[in-house]
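I opened the model today and kept notes on what I looked up. The entries follow in the order I made them.

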Amino acid sequence: MTLEQLADYFFRYAKEQGNPYDKFPLGIEVDEFGAPYIEISESGKLAIVAKDRGEECLRKETTSPEVLAQWVYEIFNKS
């Protein structure tokens, strides 16, 4: 799984929600100031992770790209 493939799932989900995106809002670079990023493991695990000053403050893992796409959408579209 690549970031581009994950982005495709995200774009589809966002469009289904009536809120299409032009750009995937997360990357794979680690941000030590609390901003979330994506981890893709060779074993197939996908995760949204956030670190603040080296300490993990968020980790949500799944093997489903559809679920990860929904989580990313929810982070950026809280009611």
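**Entry 1: salt bridges.** I began with the side chains of Arg 59 and Glu 61, which meet in a salt bridge with N and O 3.0 Å apart. I used the term for a side-chain nitrogen of Lys or Arg within 4 Å of a carboxyl oxygen of Asp or Glu. Arg 59 is partly exposed, with a relative accessible area of 33%. By the cut-offs I worked with, buried means under 20% relative accessible area, exposed over 50%, and partly exposed in between (1.4 Å probe, protein chains only). Salt bridges that share partners join Glu 39, Lys 45, Glu 56, Arg 59 and Glu 61 into one network.

**Entry 2: what I am looking at.** I noted that this is a predicted model, in which local features need pLDDT of at least 70 and side-chain atom pairs count only at pLDDT 80 or more, while totals for chains, interfaces and linings use all residues. Residues are numbered from 1 along each chain as its sequence is written, and side-chain values use heavy atoms, with hydrogens and water left out.

Entry 3: How many salt bridges does the structure hold? I found five. In one of them Lys 45 pairs with Glu 61, the closest N and O atoms being 3.8 Å apart. Lys 45 lies in the loop between E1 and E2 and Glu 61 in strand E3, so the pair ties together parts that are 16 residues apart in sequence. For these names, helices (H or I, at least four residues) and strands (E, at least two) are DSSP runs, numbered from the N terminus. Lys 45 is partly exposed at 41% relative accessible area, and Glu 61 is partly exposed at 40%.

**Entry 4: strands.** I checked how the strands pair, which requires that DSSP finds at least two bridges between them. E1 and E2 are antiparallel over six bridges, with Pro 36 opposite Ala 50 in E2. Their hairpin has five residues between the strands, and Gly 44 there takes a positive phi near 100 degrees. Strand E2 (residues 46–52) and E3 also run antiparallel, joined by seven bridges. Here Leu 46 stands opposite Thr 62 in E3.

**Entry 5: Arg 53.** Where is Arg 53 found? I located Arg 53 in the loop between E2 and E3. Arg 53 has a positive phi of about 50 degrees although it is not a glycine. The E2 and E3 hairpin has two residues between the strands. Arg 53 is exposed, with a relative accessible area of 68%, and forms a salt bridge with Asp 52, the closest N and O atoms being 3.1 Å apart. Asp 52 counts as partly exposed at 28% relative accessibility.

**Entry 6: Ser 64.** Is Ser 64 buried or exposed? I found Ser 64 buried, with a relative accessible area of 19%. Ser 64 sits in the loop between strand E3 (55–62) and helix H2 (65–76).
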